[in-house]
Amino acid sequence: MKVDVLLGLQWGDEGKGKVVDYLATKYKVVARFQGGPNAGHTLEFDGIKHVLHQIPSGIFRSDIKNVVGNGVVLDPVIFKKEIEELSGLGLDATQNLYISRKTQIILPTHRLLDAYQEKLKGSKKIGSTLKGIGPTYQDKIGRQGLRVGDIEMIGFEGRYKELRDKHLSMIEDDDISSKISELEPLFFQAVEYLKTLKLVDSEYLINEEIANNSGVLAEGAQGSLLDIDFGSYPFVTSSSTMVSGACSGLGVAPSKIGEVFGVFKAYCTRVGSGPFPTELFDKTGEKMRKQGHEFGATTGRPRRCGWLDLPALKYAIMINGVTQLFMMKADVLAGFDSINVCIGYELEDGSTTDKLPYDLVNQPVKPMYKELTGWNDTMPSSANYNDISQPLKDYIKFIEEEVGVPIKIVSLGPDRSETIIR
Ligand code: GDP
Ligand code: IMO
Ligand code: MG
C-alpha cells in the first residue's frame, strides 16, 4: 500500500488537523514530515477542542502509530508540554508516538535568533511564529544542526554549547544571559524527557509499514503558498510543504506515493506578512474573520481574510499533483448574498493572466472575479451531499470544472462529525 499525502494548498490553517483526525481510522500510521511548532492543527470531537503543534493528528485514534519524521524541526520543551496536555485529557500519547532520530532539534537560541532576525528586518519582517523554525532549518542546511539521535550520544552537551555560543555571538541583546539561564534548564529537562520516548530510525519504520501493506498518511503542515521554493518568497516558511517534502521528510520514494489530498478553505486566509491578492479590507473580510473565527491556532493573531483565489489554487494543485480535493469551512460563507471567486489577475500593464506571477511583492496584481450566488447551509443532519443547497453545489461544481480535480470532502463545521464525503 502506498503513502497518501495530505497537504494545505493555501497559506496554512486550511483545516488539515480536522481532516487528518477524521481520516486517521483508515490508516495504521500518521506521520508529520516537515515544519514544527509553527503549526497549529485543531481537532474537535465529543466536546473536546484541542490544538496540536508537533504531535501528528492521528494521536486521538487508538492503535495508530504517530511518527514525527526526519524533515520536522522539534522543540523538546513544547513537545513535552504537548504530551502533558494530552495526559490532562486522559490520553497517554507516549505509547503511540515515534520520533525520528534524524529530526532536527530547536534550541532555545534558535528561538531567540528568530526574534532577533525578525526585529532586524523591521517593516520587512516575515511575521514568523517566532518558534525558531527559520534558524533551525538554516543550521540543518548549514550542516551544523543537532538531531534527536544526538541526545543519546556522548558529547551532546559539548556540541550543544558550541552551537549555542555561535548563536549568542550573532545576537545583540543586553538581557541575553538572563534569558538563556531561564530557558536552558527547561531545555535540558525536556531533552531528558525526550530520551524516555520511542526514538526510532523512522525511515525503516515507515518503509516496513508500507511493505506490510499498512496504510500510511503523511500530514503536511503550513501550505503550498508558504513553501520555501514555490511560496510567496521571501514571505514563506523554511521547509518544503509540498508532496516532495513528504518523500525527503520521511524517507519514502516518489514511486511509493499514492493519493495526494489537497485541503483548501472555501475562501482564503493568511497570517503574517506577504502578498495576498484577494485580501479584503472591508466589512466582508471582517465578517469572514468573525464567522470563521479566523485567529491563529499557534499565535492567536487575527488572520487576514479574502475570496478564493483559483489561479493560486490551480498552481498548488499543479506542483503537488493533487488527486482529490477537500473543501473546508463552507459553512463560514453562509449568509453572504453573493460570493466572489478570483479567476485571473490584471497586471500593472493592463494585461491579464490566470497564472501566478513570479513577483507579487513588488508588482501587485488586481484580481478578476466571477460572482456566484451565496448559500445559507449548515451541516445537514443526514450528512448527505444531496441535502446541501443548490448554490453550494454550484460553487463546488464551478471549482471542480475550473481546476479539473474532484472535491471529495466538504466540511461544514469544525467538529469531526460535520464532514460530508462525496
Ligand atoms: P490547520 O492548521 O490546517 O490544521 O488548521 P487550523 O486548525 O489552524 O485552523 C482551522 C480552524 O478552522 C480550526 O479552528 C478548525 O477547528 C476550524 N475548522 C476546520 N474545518 C472547519 C469547517 O468546516 N467549518 C468551520 N466553521 N470551522 C472549521
Ligand atoms: P499550519 O500547519 C499558517 C506562517 C507565519 C509566517 C510564515 C513564516 O497550522 O497550517 P515561520 O514561523 O514558519 O518562520 O513563519 O509562515 N506560518 C503559518 N501560517 N499556518 C501555519 O501552520 C503556519 N506556519 C507558519 O505566520 O507568515
Ligand atoms: Mg493551523
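## Strand S11 and its partners

In this predicted model, strand S11 is joined by 5 bridges to strand S15 (residues 324-328), and these two strands run parallel; strands here are DSSP runs of type E of at least two residues, numbered from the N terminus, and two of them pair if DSSP finds at least two bridges between them. Within this pairing, phenylalanine 264 stands opposite methionine 327 in S15.

S11 is also joined by 5 bridges to strand S1 (residues 3-8), again in a parallel arrangement, with valine 5 standing opposite valine 260 in S11. Strand S11 itself spans residues 257-265 and is mostly covered, since 7 of its 9 residues are buried, a term for under 20% relative accessible area with a 1.4 Å probe and protein chains only.

Among the polar contacts (pairs of N or O atoms within 3.5 Å), a polar side-chain atom of threonine 129 lies 2.5 Å from an oxygen atom of ligand 2, and a polar side-chain atom of asparagine 38 lies 2.9 Å from an oxygen atom of the ligand. The backbone takes part through glutamine 222, which has a polar backbone atom 2.8 Å from an oxygen atom of ligand 2. The protein covers 97% of the 550 Å² of accessible area that ligand 2 has on its own, with areas taken from the Shrake-Rupley method with a 1.4 Å probe.

## Basis of the values

Residues are numbered from 1 along each chain as its sequence is written, while chains are lettered from A and ligands numbered from 1 in the order in which they are written. Local features need pLDDT of at least 70 and side-chain atom pairs count only at pLDDT 80 or more, whereas totals for chains, interfaces and linings use all residues, and side-chain values use heavy atoms, with hydrogens and water left out.

Key: A polar contact is a pair of N or O atoms within 3.5 Å; within protein, one must be able to donate a hydrogen and the other to accept it, and residues adjacent in sequence count only if both atoms are side-chain atoms. Buried means under 20% relative accessible area, exposed over 50%, partly exposed in between (1.4 Å probe, protein chains only). Helices (H or I, at least four residues) and strands (E, at least two) are DSSP runs, numbered from the N terminus.
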